[in-house]
Amino acid sequence: MNTADPAPAAPPRRRRPRGDVRAGLVAAGVELARAGGPDAVVLREATRAVGVVPNAAYRHFADRDELLAEVCTAAMLELADRMTAEIARVRGRRGNPTAAQRRLGAIGTAYLRFAHEEPGLFAAAFALPEQHAYGDTERTPLGLLRAALDELVEAGVLAPERREGIEYPIWSTVHGAAALTTQGPLRDLPESVIRKVEAQTLAFIGDGLTR
């Protein structure tokens, strides 16, 4: 007669809440992009990281591009958070000309630093340009830039008649420097030279605004 205790029953498998799976897939996609850029964002790899079957991804995203769109937004928000933190380091009340100029410089510095420290996320942020609405949204890199330029007008640094639309050439200039020094022909320059190029870029923008 077998007197051994019966094996304990396996605990019932708990189903993950739907929101948890979706958030987990987005977080996994962000980490894939951080490591390998937008091309590394693959649904199968994201499900593997979360620990769900590959088909589970299609309950939340129609295809890979829908996941990538969420990763784009997350990357852009991380960039905005870094800009916000850099702006917060600048002392001086709103409307002070020197402080206002430094806050604009802080935005450019954070942008360039993000491009170098997080090249995968930086590339992912712009992988699907149509994902981003460039309206009057404050918690975006463009929204922060617009706020800084509005402050320059209040401080008397930037002439009001020059304000409209000037965020786009400024953004283009900084983004161009970031792309050239991270992915383009200037990426192999010594770090000291790259820092000088970036400093000259920001000084060029500042000089142009006060002209």
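Student: Which residues have the most contacts inside the largest nonpolar core?

Tutor: First, the ground rules. This is a predicted model, where local features need pLDDT of at least 70, side-chain atom pairs count only at pLDDT 80 or more, and totals for chains, interfaces and linings use all residues. Residues are numbered from 1 along each chain as its sequence is written, and side-chain values use heavy atoms, with hydrogens and water left out.

Tutor: Now the core. A nonpolar core is a set of buried Ala, Val, Leu, Ile, Met, Phe, Trp, Tyr and Cys residues joined through side-chain atoms within 4.5 Å. Buried means under 20% relative accessible area, exposed means over 50%, and partly exposed is in between (1.4 Å probe, protein chains only). Here the largest core has 58 residues, and Leu67, Val71, Tyr111, Leu149, Leu152 and Leu209 have the most contacts inside it. Helices 1 to 8 each supply at least two residues of this core. Helix 3 gives the most, with 11 residues.

Student: How many helices and strands are there in the protein chain?

Tutor: Helices (H or I, at least four residues) and strands (E, at least two) are DSSP runs, numbered from the N terminus. This chain has eight helices and zero strands. Buried residues make up 41% of its 211 residues.

Student: What does Leu152 touch?

Tutor: A contact means heavy atoms within 4.5 Å. Leaving out residues up to four places away in sequence, Leu152 touches Ala100, Gln101, Leu104, Val157, Leu158 and Leu209. For the whole chain, take contacts with a separation of 6 or more: residues 24 or more positions apart account for 68% of them.

Student: How many salt bridges does a search of the whole structure find?

Tutor: A salt bridge is a side-chain nitrogen of Lys or Arg within 4 Å of a carboxyl oxygen of Asp or Glu. The search finds 19. One of them joins Asp81 and Arg139, with the closest N and O atoms 3.1 Å apart. Asp81 lies in helix 3 (residues 64-88) and Arg139 in the loop between helix 5 (119-125) and helix 6 (141-154), so the pair ties together parts 58 residues apart in sequence. Asp81 is partly exposed at 37%, and Arg139 is partly exposed at 48%.

Student: Where do Arg94 and Glu154 lie?

Tutor: Their side chains meet in a salt bridge, 2.9 Å from N to O. Arg94 sits in the loop between helix 3 and helix 4 (97-117), and Glu154 sits in helix 6, so this pair ties together parts 60 residues apart in sequence.

Student: Is Arg163 buried or exposed?

Tutor: Arg163 is buried, at 14% relative accessibility. Its salt-bridge partner is Asp150, at 2.8 Å from N to O. Asp150 is partly exposed, at 33%. Salt bridges can also form a network: Glu31, Arg34, Glu78, Arg82, Glu117 and Glu118 are linked in this way.

Student: How many aromatic pairs are there?

Tutor: Rings of Phe, Tyr and Trp (its six-membered ring) pair if their centres lie within 6.5 Å; planes under 30 degrees apart count as stacked, over 60 as edge-to-face and the rest as tilted. The count is four. Phe114 and Phe122 are edge-to-face, 6.4 Å centre to centre with 65° between the planes. Phe114 is buried at 0%, and Phe122 is buried at 2%. Phe122 and Phe126 have ring centres 5.4 Å apart and planes at 70°, so that pair is edge-to-face. Ring pairs link Tyr111, Phe114, Phe122, Phe126 and Trp171 into a cluster.
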